[in-house]
Amino acid sequence: MRKIFSSKGASAAVNDDGRVITWGDAGYGGDSSAVREELQSGVRNIFSTRSAFAAVKDDGRVITWGKDGWGGDSSAVREELQSGVCNIFSTASAFAAVKDDGRVITWGVTRYGGESSGVSIQRNWPGIGFNTYWNNGNTLEAKISCSLEKLRMHTNYYRFGFSQG
């Protein structure tokens, strides 16, 4: 196995040829049978919330499974996740996918960063940029880097989600 990932009650492993194997409680993403065919090859990385998983494939597509409302169902943003995703970040119950054009696509529990329609963006391109994403004043900061080929060494900082305090 190349990498193993976990949610609160399940695990997912990516082997050397990019195939994903899952086990554990189905309510936490242990059952990936609904997306089994898409997880047979080409998975580059996996990310998790407490109850769901998101896999980024070599072609930049994202495949999700697990508890629907907690990030397992990405159907509302499916079109944006079909290509160009270079990285994903997660909170306990939401995902944020960073695309190679700098856009951030979110899904999952709204309160924890799954809804970003009210987001404002500040960019400082090229080179190192500090991008601040605000969602109702609640923030979680994550450093985001995409591949050299896709973003020409741009490194950005994003804030999203919910914070206590």
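This is a predicted model: local features need pLDDT of at least 70, side-chain atom pairs count only at pLDDT 80 or more; totals for chains, interfaces and linings use all residues.

Me: Before we start, what counts as a strand here?
Reply: Strands are DSSP runs marked E, and they are numbered from the N terminus. The length needed is at least two residues.

Me: Is Arg61 buried, partly exposed or exposed?
Reply: Buried means under 20% relative accessible area and exposed means over 50%. Arg61 comes out at 22%, so it counts as partly exposed.

Me: β5 and β6 came up already. Which strands stand at the edges of their sheet?
Reply: The sheet is open, with three antiparallel strands in the order β4-β5-β6. An edge strand has a single partner, so one side of it is left without a neighbour in the sheet; that goes for β4 (43–48) and β6 (62–66).

Me: And by how many degrees are neighbouring strands of the β4-β5-β6 sheet turned against each other?
Reply: The order β4-β5-β6 tells us who sits beside whom. Averaged over neighbouring strands and ignoring direction, the turn is 20°.

Me: What is the bridge partner of Ser48 in β5?
Reply: β4 and β5 (residues 52–57) run antiparallel and are joined by five bridges. Ser48 belongs to β4, which spans 43–48. In β5, its bridge partner is Phe53.

Me: Is Ser7 buried or exposed?
Reply: Ser7 is in the loop between β1 (3–6) and β2 (10–14). Its contacts, not counting residues up to four places away in sequence, are Tyr28, Ser48, Thr49, Arg50, Ser51, Ala52 and Phe53. The cut-off is under 20%, and Ser7 has a relative accessible area of 12%, so it is buried.

Me: Which residue in β3 stands opposite Val14?
Reply: There is an open sheet of three strands in the order β1-β2-β3, with antiparallel pairing. Its edge strands are β1 and β3 (20–24), each pairing on one side only. Five bridges link β2 with β3, and opposite Val14 in β3 stands Val20.

Me: Now β9. Why is this strand largely enclosed by the rest of the structure?
Reply: β9 covers residues 104–108, which makes five residues to check. It is largely enclosed because the number of them that are buried is four.

Me: What is the bridge partner of Phe95 in β9?
Reply: β8 (residues 94–99) is joined to β9 by five bridges, and the two run antiparallel. They form a hairpin with four residues between the strands, where Gly102 has a positive phi near 95°. Across in β9, Phe95 has as its partner Trp107.

Me: Last one: how much space lies in the largest pocket?
Reply: Its lining has 14 residues, and those nearest the centre are Val62, Ile63, Thr64, Ser74 and Arg78. By class, the lining splits into four nonpolar, five polar and five charged residues. The space inside is about 160 Å³.

Conventions: Residues are numbered from 1 along each chain as its sequence is written. Side-chain values use heavy atoms; hydrogens and water are left out. Buried means under 20% relative accessible area, exposed over 50%, partly exposed in between (1.4 Å probe, protein chains only). Two strands pair if DSSP finds at least two bridges between them. Contact means heavy atoms within 4.5 Å. On a 1 Å grid over the protein atoms alone, a cavity is a set of points where a 1.4 Å probe fits but cannot get out, and a pocket is an open set with protein on both sides within 12 Å along at least five of seven lines; lining residues have an atom within 4 Å of a point. Grid points are joined across faces, edges and corners, and a volume is the space filled by probe spheres set on the points. Ala, Val, Leu, Ile, Met, Phe, Trp, Tyr, Cys and Pro count as nonpolar, Asp, Glu, Lys and Arg as charged, and the others, Gly among them, as polar. Axes are lines fitted to C-alpha atoms, for helices over the stretch in contact, and angles run from 0 to 180 degrees between N-to-C directions.
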